[in-house]
Amino acid sequence: TLPPAPTGVKVKALNTTSLLIQWDLLKGASSYNIYRVKSTTNCINGDHLVYYCDYKIIASNWESTPYVDLNLEKDTIYFYKIHGVFRNSIEGVQSKIIKGRGKLGPPKSLRHGLISPKQIDGRIHFNNYSVPLNWDHVSGADWYYIYLDGERVAKQFENNYTQQHLMQGHRYNFTVTAYSIIAGEGLETQPLEAKIPIVWRM
């Protein structure tokens, strides 16, 4: 019977090209072997976890948790498995397979359309301006977060959003991030300023 598998295995994106792999220390293990395969490998069936892939060892006899995998390809999913190493260099049962990817980059070309006051029943409401935003789609994004002056105001599945209830004479800064279920929240865009004009009513 082979020694047991590591448990508590998880992965966290540190930036666009680095992943942190963690696991619980395994009683009796002197070190760990860490294996990896890219999602672009032929044995990967779409986005599914596959046990028979040709994993390559990336860290042999690694002494303890965690491990940081550096210089990865951007926008690429990686699969990992970990084995404990025991007396006489016996490798134990593999851990569950986990997948990770680096953080997504910021959405590009964040821009706003026509800034205009809202009309209700044919009347213009000068203290309820709207600002339509749009940006380029980010590959791998499951949704986007929109921030107004540093505060998250919306979650959007499309690459556009309209912010309403803005006051004339104010300046507002918008930023957007892409979110991946695998990697978490990505990098923030540069702030986009929208200046709401003052309209004098006669």
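Keep in mind that this is a predicted model. There are seven aromatic pairs in the structure, and we'll stop at some of them.

Start by selecting Trp135 and Tyr144. Hide the surface if you have one on, as Trp135 and Tyr144 are both buried.

Next, pick Trp143 and Tyr179. Is this pair stacked or edge-to-face? The planes are at 5 degrees, under the 30 degrees that counts as stacked, so stacked it is, with the ring centres 4.7 Å apart. Now colour by strand: Trp143 belongs to β12 (residues 143–148) and Tyr179 to β15 (residues 171–180), so this contact ties together parts that are 36 residues apart in sequence.

Tyr179 comes out at 21%, which makes it partly exposed.

Together with Trp143 and Tyr179 they make up a cluster linked by ring pairs.

Last stop: the charges. Show the side chain of Arg152 and you'll find its charged end over the ring of Tyr145, 3.6 Å from the ring centre. Then bring up Lys155, whose charged end sits over the ring of Trp143 at 3.9 Å from the centre. That puts you back at Trp143, the stacking partner of Tyr179.

Methods:
Residues numbered from 1 in each chain as written. Predicted model: local features only at pLDDT ≥ 70, side-chain atom pairs only at ≥ 80, totals over all residues. Heavy atoms only, no water. Phe/Tyr/Trp six-rings, centres within 6.5 Å; stacked < 30°, edge-to-face > 60°. Buried < 20%, exposed > 50% of the residue type's maximum accessible area, 1.4 Å probe, protein only. Helix = DSSP H or I, 4+ residues; strand = E, 2+ residues; numbered from the N terminus. Lys NZ or Arg CZ within 6 Å of the ring centre and 35° of its normal.
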